[in-house]
Amino acid sequence: MDLLLILTYTAICIAIFKAFKIPLNKWTVPTAILGGVFIVGALVLLMNYNHPYSPYAKEVFVSVPINPAVRGVVKEVNVKPNVPVKKGDVLFKLDPTPFEAIVMQKRAALAAAELEVPQLEAAWQKAKASVERATADRDRTKSAFERYEKGRKRGGANSPFTELELDNKRQLYMASEAQLMAAKSEELRVRLAYESNVDGVNTKVAGIKAELDKAVYDLEQTVVYAPTDGIVTQMALRPGIIAVPMPLRSVMSFIPDEEHYMAGAFWQNSLLRLKEGDEAEVILDGAPGEVFKGKVARVLPAMAEGELQSTGSLMPSRMLMQPGRVVVLIKIEGDEIKHAFPLGAAGQIAIYTEHFSHVSVMRKVLLRMQGWLNYLYH
C-alpha cells in the first residue's frame, strides 16, 4: 500500500508539472522529491499508526470432528455432503446387532439376579430357623450335661452316672455348641448377602442394572446425530467402513452453523490505538472491487509465539526471536461473505480508529485500490 501511495504522489507531481509547465531542473525535481519524502512519509506514519492495516486476513471457523462413541461397522450414511442439516438429524448408523445381543444378555442376567433376591430372603429365613434349632439342641445337651455333672459330683463313687456317660454328654454339648456357632455364621453370611444394598437395591442387581444401562447406552450410540445446525463437507464415509472411536481419526468433519469472523494479523504496536468496536473494512481476494464493512469484535489476549507447554524439553532461544503478530477478530456486517464465499476465504483488513480520522480517507482509498488490483493478480 505504501507503494501505491508513492505512485499516487508521483502521478500528482507529473500532472502538476505538466499542467503548470514547470521546467525540470536541479531545483524543481529535488524539491518535488524532498516534498514527497516529507509529505508522503508523514501521511504514511500517521495512517499506519492510527489506522492499522493487515494483508494477512482470513475467515476463521470451527469444525467439529465426528466420531462414534463405540466401534462398529457403518451400516447407513444418512447425511449428504454440503447439505445443511438440523440439530438431531441422523448423520450415520452403525450395525446394532452385536450391541443388541449384549443388551439382551444383560437383561437376562438382570432378571436372574432379581429372582435371586427372594431366594436370598428364603435362605436367610432358613438360616435363622437353623440357628433356632441349633440353639435348642445346644440348650438340651447343655442341660443333660449339667444334670449328669451334678449327679456325678453328688454321688461320687456311688453315682449312677459313670465317667464315660458324663464324657459323652460333654462331647454332645460341645458338638451342639459348635453346630450353633456354624449355624450363626451361616445365618450372618446369608443375611449380609440379602441386606447388601445400594440405594435400597441389591448390590448384584444394581451391578447388573448398571451394566445393562451401559449396554443400552452403547446401543444408542450406534446412531450418530448432528450436534447442532451445520453441514458436513468433504465426506468420505461409506457403508462398510469400520468406525473407531479414535479422536485423532474422525470419520467426518462437521461445520456448525454459527457466527464467523475475519481474523487479521496486525503488528503489535497497533494495539496502542485500536480497540473493540472500531470500524473496519475487509476486501477479499475472491471479490475484486468489493469492500465489506465490519467492526472489531475481539483482540485475542494471547499469541502462539509465546506459548509454552510442559513437554520435558528446554525452550529454544530461537523462540524468543519470533515477535509474532496480534490476532484481531472482525465481525462482518450482514451475511454477504457467509453466503457468497466458502469458509476460510482470504483477504485484507483495515481498521479505522477515532484518532486522526481525516487520515483514514487515505487508508480507505488505498484499500480500494488494492481491491481493484485483485482483478489482475493476487
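View A. Asp-278 has a relative accessibility of 6%, so it counts as buried (under 20% relative accessible area; exposed is over 50%, partly exposed in between; 1.4 Å probe, protein chains only). The model is predicted: local features need pLDDT of at least 70, side-chain atom pairs count only at pLDDT 80 or more, and totals for chains, interfaces and linings use all residues. Residues are numbered from 1 along each chain as its sequence is written, and side-chain values use heavy atoms, with hydrogens and water left out. Asp-278 sits in the loop between strand S11 (261–266) and strand S12 (279–284). Helices (H or I, at least four residues) and strands (E, at least two) are DSSP runs, numbered from the N terminus.

**View B. Surroundings of Asp-278****.** A polar atom of the Asp-278 side chain lies 2.8 Å from the backbone nitrogen of Lys-275. Beyond neighbours within four places in sequence, Asp-278 is in contact (heavy atoms within 4.5 Å) with residues including Arg-273, Lys-295 and Tyr-352.

**View C. Positive phi at Asn-82 and Phe-356****.** Most residues other than glycine have a negative phi. Asn-82 has a positive phi, near 65°. This residue belongs to the loop between strand S3 (72–77) and strand S4 (90–94). Phe-356 also has a positive phi, about 50°. Phe-356 lies between strand S15 (346–352) and helix H7 (360–373), in the loop. Its relative accessibility is 40%, so Phe-356 is partly exposed.

View D. Ser-310 is in the loop between strand S13 (292–299) and strand S14 (326–332). The C-alpha atoms of Ser-310 and Asn-78 are separated by 42 Å.

Technical notes. Polar contact = N/O pair within 3.5 Å; in protein donor to acceptor, adjacent residues only side chain to side chain.
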